Amino acid sequence: MFETADGWVAAHQKDLSDWCATIFDYAEPAWREYRSAEWYVSRLRAEGFTVEEGSGGMPTAFCAEWSNGDGPTVGMYAEYDAVPGNCQAPRPERAPREGLGYLAAGHTDPHSGLGIGALGGLLATKAAMEKHGIKGGLRFTGEPAEKVRGSKPIHAAKGYYDGLAAMLSFHPFYMLPLCNTVRWDTQCGAAYSMIYRFRCEMPETWGAQDGAPIPQSHSDVRAPGANDALMLMYQTARNLRDSMLPHRGGWSVSEAILGMGQATADNLPAVQADIQYMIRVPDLAMAERISGELDRVANSVASMTGCRVEKHWVCKSRPGLTNHAMASVVWENLQAVGAPTWDAAALDLARQVQEACGKGGAENPLIDACTQMISPQEAERELRQSLPPEQLNSTSDDYTDMSWHAPTARFYIARPALRGGPYPAWAMNALGGIPQLIDPMVSTAARVLARSALRVLTDEGVRQAAWDEFEQRTGGGVGGDNWIAPLCDYEAPLEFAWPEYVETKRGRHWHLPG
């Protein structure tokens, strides 16, 4: 059965490459991945899957199901959102994609390769199940807005990960020592994200009136307005950020001002202004502490400026839960497949990227870790060297929400990374889009996913060991004494001014000129 899955991947190398290039070129940002989601839904239906569009109330999410009879169900997923301000063509030089400027979105991690690697693994698993009569099912979710930790907490709260025998989570490598390996004990941490919306609804009550015999007082402009509230929030929170938690734990707070289209300087105060925060922390207590501090600042600023403040949740994701049994299954199959390899033509393209960055072309332009394996236990030891003993989780990623509903393995396959850095962002983005450089990662991930899924589907002992460990760690499984329930008590934040592409008489453009 493994040979059948490997054979499917080998026979569909051209398809996987073309599909990856398509999603890379779409490069749609969070909550606005219309073409990308539509492409996946169409492809999955063509492959015989039943697909629910708009799963969890998210227009660019989906849930695909396929069954080969009664049996266990394995979950995989695609991500496909890109990052504003990272537009890059799949070329070994700095250049935006055709018809766009550098401010448009582009794939950084890249989620284009993540999603197609997962899709390849899914379809290879299906092919082996059909040929060998393997009973069971496959579930494949489309996960938009990962860059703002958007969909997975919502999918989790609405039950889309329930009933799985296992969840397989693949991500392109980008952070040593987690390269061509599986996470062992230290899973990713928690993340909170929220938008504070300031509204100046009664500027006429601010200060003295000018006595003008017209309904609209020209003195309204003297009211601070929503922009003033936002600027006070931005600066005050930054000034206080270092005081919110102790200087350990690798936590961070970042912010983004969402555009409201107020391109005017009329004698009226700004009515509305939005600022988004992302909190990345090891645990939920830290997330709650920072969230409370930001609430305090927002309420104080609103009071100072005569505005009203609203808090809208974008994400509340849990820290991850380890499952050694599942990690061991994936590591076994990763060893069987091996690390990605790059041919001479790919390495020449990598050298061209180096040269475009003024670094000079090395004989071997990729770092050694790209083609090496590291055991989960050794990677864990290296990771823990920079962490305090009491810290259980590190960095953040929302695959963690899946881990509380099914035994989950998180593994990493190397994407090409250049030696001799640092490099500008465009260089890594280009490497993630040039087919000769990203395709080896995609096909390697597809093979590991398929082999791991087939092992789970056919080995009752593996499934039982994984589930026994899940129940032990959660204190009884879903709903157990140590189980953390979904934190999502909000609907998808769709109606905010998220960056996106627009259609105009000039054609398809990024929403900001440049």
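Student: Which strands does helix α8 lie across?
Tutor: In this predicted model, helix α8 (residues 324-337) lies across β5, β6 and β11. Its direction runs at about 30° to β11.

Student: And what does helix α12 touch on the sheet?
Tutor: Helix α12, residues 435-458, packs on the sheet and touches β3, β4, β5 and β11. The direction of α12 makes about 170° with that of β5.

Student: Okay, what's the strand order in that open sheet of 7 strands?
Tutor: The order is β1-β2-β4-β3-β5-β11-β6, and the pairing is mixed. The edge strands are β1 and β6, each of which pairs on one side only.

Student: How many bridges join β1 to β2?
Tutor: There are 4 bridges between β1 (residues 50-53) and β2 (residues 62-67), and the two strands run antiparallel. If you want a spot to look at, Thr 50 has Glu 65 in β2 as its bridge partner.

Student: What about β2 and β4, parallel or antiparallel?
Tutor: Antiparallel, over 6 bridges. Here Ala 64 stands opposite Phe 140 in β4.

Student: And β3 with β4, parallel or antiparallel?
Tutor: That pairing is parallel, over 7 bridges. Val 74 has Leu 138 in β4 as its bridge partner.

Student: Back to α12. At what angle do α12 and α13 pack?
Tutor: They pack at about 95°, with their axes 5 Å apart. That angle makes α12 roughly perpendicular to α13.

Student: Which residues meet there?
Tutor: From α12 you have Arg 455, Val 456, Leu 457 and Thr 458, and they meet Glu 460, Val 462 and Arg 463 in α13. By type, the residues of this contact divide into 3 nonpolar, 1 polar and 3 charged.

Student: New topic: how do the axes of α2 and α3 cross?
Tutor: The axes of α2 (residues 13-26) and α3 (residues 34-46) cross at roughly 155° and come within 9 Å. That makes α2 roughly antiparallel to α3.

Student: Who's in that contact, from α2 and from α3?
Tutor: Trp 19, Thr 22, Ile 23 and Tyr 26 in α2 meet Arg 35, Ser 36, Trp 39, Tyr 40 and Arg 43 in α3. The residues of this contact divide into 5 nonpolar, 2 polar and 2 charged.

Student: Now the open sheet of 4 strands. What order are they in?
Tutor: The order is β8-β9-β7-β10, with antiparallel pairing. β8 and β10 are at the edges with a single partner strand each, so one side of each is left without a neighbour in the sheet. On average, neighbouring strands of this sheet are turned by 20° against each other, direction ignored.

Student: How many bridges join β8 to β9?
Tutor: 7 bridges, with the strands running antiparallel. Ser 254 stands opposite Met 278 in β9.

Student: Which strands do α6 and α7 go with?
Tutor: α6 lies across β7, β8 and β9, running at about 20° to β9. α7 (residues 284-305) packs on the sheet and touches β7, β8, β9 and β10, and its direction makes about 10° with that of β7.

Student: Last one: how many cavities of 30 Å³ or more does a search find?
Tutor: The search of the whole structure finds 1, and the largest cavity has a volume of about 30 Å³.

Student: What lines the largest cavity?
Tutor: The lining is Ala 237, Arg 238, Arg 241, Met 244, Val 253, Glu 255, Tyr 277 and Leu 294. α6 and β8 each supply at least two of the lining residues. The lining divides into 5 nonpolar, no polar and 3 charged residues.

Notes: Residues numbered from 1 in each chain as written. Predicted model: local features only at pLDDT ≥ 70, side-chain atom pairs only at ≥ 80, totals over all residues. Heavy atoms only, no water. 1 Å grid on protein atoms, 1.4 Å probe; cavity = no way out; pocket = protein on both sides within 12 Å on 5 of 7 lines; lining within 4 Å. Points joined across faces, edges and corners; volume = space filled by probe spheres on them. Nonpolar A, V, L, I, M, F, W, Y, C, P; charged D, E, K, R; others polar. Axes fitted to C-alpha atoms, helices over the stretch in contact; angles between N-to-C directions. Parallel < 35°, antiparallel > 145°, perpendicular 65-115°, else oblique. Contact = heavy atoms within 4.5 Å. Pairing = 2+ DSSP bridges.
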